[in-house]
Amino acid sequence: MKDLTIHLLKGFCGLFFGDNPQRAVALFGEPTEKEEIIDEIFNEKSTVYHYWEDGFSLFFKDDANKGLHCVEVDNKETILLGEKIFELKEEEIKVLFRKSAFPLSETEQHAWGEKRLSFDEAFADLYFEKGKLVSINFCSPDYLGD
């Protein structure tokens, strides 16, 4: 697998928000698993392409275009804002986002131990367990539900 790079507000690697599943298959091959899910907040269906061995999942909106609208990544080699993001500590990540004009919007500590940092202007949520970054979820700025 080539470099996995998150392009906030734009897409992931060479796949851009709005691209269809066929484009994803052309870039990454067939997914390990496909799953239909319902977003309870927006009451919308999505098709998720899971690439388990490569450490990412692609969420395609269930509309006429079937466009990419969100990505979830847990691959430790992922590059974000020019850094191997999973190698950074929480404070270093906050500084990196702030330097890139994405201030921290919200922090939430869940009862089960996971901590979420939200950067609303980047449409990104970062999840930590025991002080270590474990996953990143980022979405298209156009994905606000219908």
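Reply: Leu81 sits in the loop that joins strand 8 (79-80) to strand 9 (83-84); strands here are DSSP runs of E with at least two residues, helices are runs of H or I with at least four residues, and both are numbered from the N terminus. The model is predicted, so local features need pLDDT of at least 70 and side-chain atom pairs count only at pLDDT 80 or more, while totals for chains, interfaces and linings use all residues. Residues are numbered from 1 along each chain as its sequence is written, and side-chain values use heavy atoms, with hydrogens and water left out.

The part to look at is helix 1.

Helix 1 covers residues 21-28, and in it Pro21, Ala24 and Phe28 are buried (buried is under 20% relative accessible area, exposed over 50%, partly exposed in between, with a 1.4 Å probe and protein chains only). Seen down the axis, the buried residues of helix 1 fall within an arc of 55 degrees, so they line one face of the helix; the arc is taken from the directions from the helix axis to the C-beta atoms. Gln22 and Ala26 are exposed on the other side of helix 1. The cover over its buried residues includes strand 2 (11-12), strand 3 (15-16), strand 5 (44-51) and strand 6 (56-61).

At the start of helix 1, a side-chain oxygen of Asn20 comes to within 3.1 Å of the backbone nitrogen of Gln22. Just after helix 1, Gly29 has a positive phi of about 85 degrees.

Terms used. Contact = heavy atoms within 4.5 Å. Polar contact = N/O pair within 3.5 Å; in protein donor to acceptor, adjacent residues only side chain to side chain.
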